[in-house]
Amino acid sequence: MTDGGKKKMAFETKEQVLERIMEQEKPKCPHCGAEMHIWEVPPITFSDGLGWGTPYLFLCFNDDCPLYVEGWENLQENFGQTASYRCMCYPGTDQFECMPVFSPVGAQGQIIDDEVVLQEEVLKENIKKGFSILADCYVGKDGVTILNLLLDPGQPARVRVKAAEMIGDIGELEAIEPLRNKNFGNELIQKQVEDAVKKIHERFFTRECPFCAEIIKKRANICKHCGKEVAGQ
């Protein structure tokens, strides 16, 4: 797609980038043949200050790798630095480079290990399952189940955001009270919930009394619950 002759750029979230990289086959270090690890780039600039250009890289953490072993002596003799190199690779490419490390445990804090990968896989499955349930509920106009998914803190945030969007489309007035009484603790979910409540009111031509918070007709002049005048409020 183009706009005025210029190609539009698609921006990925950090989560989407990790999901894409996890689906790739891990490269092998050209210096030792060991399988490389996914490594999360720390939030600091590097070299010329431009950063790495990607939130994740592949790194070789084999302590017997010739590049790493010989790097200590090489950097000490030539530059007087107590440091070495780790082989790194840009995801989706055959571009291998050297990254300096200044201790045997340098950079290991950012390794995305198998446990983290497993957690990401579980999250992906839960999101997929949640979206499938939501799709069925939307077709069947099952607002109760959608509301329960939205209120469930154990559901992935993406599922809850989608549930909030759907409840605005098919939710009944009874959904407003539990939504108002819930602190979602997530700005994105909370905003989608606020939008959903507005959509429910628009569909039923209602609003909330500014004095007692009970639901009243949009064109009401007097609140039937607290008796106060609400015209113009």
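# Exercises on a predicted model

The largest nonpolar core comprises 27 residues, and those with the most contacts inside it are Ile38, Trp39, Trp52, Leu57 and Met99. The model is predicted: local features require pLDDT of at least 70 and side-chain atom pairs count only at pLDDT 80 or more, while totals for chains, interfaces and linings use all residues. Residues are numbered from 1 along each chain as its sequence is written, and side-chain values use heavy atoms, with hydrogens and water left out.

**Exercise 1.** Characterise the aromatic pair and the charge over the face of Tyr68.

*Solution.* 
- Step 1: Rings of Phe, Tyr and Trp (its six-membered ring) pair if their centres lie within 6.5 Å; planes under 30 degrees apart count as stacked, over 60 as edge-to-face and the rest as tilted.
- Step 2: The structure holds one such pair. Tyr68 and Trp72 are 5.6 Å apart centre to centre, with 80° between the planes, and the pair is edge-to-face.
- Step 3: Both residues lie in helix H2, four residues apart, about one turn of the helix.
- Step 4: Tyr68 is buried at 6% relative accessibility, whereas Trp72 is partly exposed at 23%.
- Step 5: Arg86 lies over the face of Tyr68, 3.8 Å from the ring centre. The criterion is NZ of Lys or CZ of Arg within 6 Å of the ring centre and within 35 degrees of the ring normal. Lys141 likewise lies over the face of Tyr138, at 5.3 Å from the ring centre.

**Exercise 2.** Determine how many disulfides the structure contains, and examine Cys223 and Cys226.

*Solution.* 
- Step 1: A disulfide is a pair of cysteine sulfur atoms within 2.5 Å. A search of the whole structure finds zero.
- Step 2: For Cys223, the nearest cysteine sulfur is that of Cys212, 3.7 Å away, and Cys223 is in no disulfide. Cys223 is buried, with a relative accessible area of 2%.
- Step 3: Cys226 is in no disulfide either; the nearest cysteine sulfur, that of Cys223, is 3.7 Å away. Cys226 is partly exposed, at 33% relative accessible area.

**Exercise 3.** Locate Phe205 and Ala213, and give the phi of each.

*Solution.* 
- Step 1: Phe205 is not a glycine, although its phi is positive, about 55°. Phe205 is in the loop between helix H7 (187-204) and strand S8 (206-208), and is exposed at 60% relative accessible area.
- Step 2: Ala213 has a positive phi near 70°. Ala213 is in the loop between S8 and strand S9 (215-217), and is partly exposed at 45% relative accessibility.

Note on methods: Buried means under 20% relative accessible area, exposed over 50%, partly exposed in between (1.4 Å probe, protein chains only). A nonpolar core is a set of buried Ala, Val, Leu, Ile, Met, Phe, Trp, Tyr and Cys residues joined through side-chain atoms within 4.5 Å. Helices (H or I, at least four residues) and strands (E, at least two) are DSSP runs, numbered from the N terminus.
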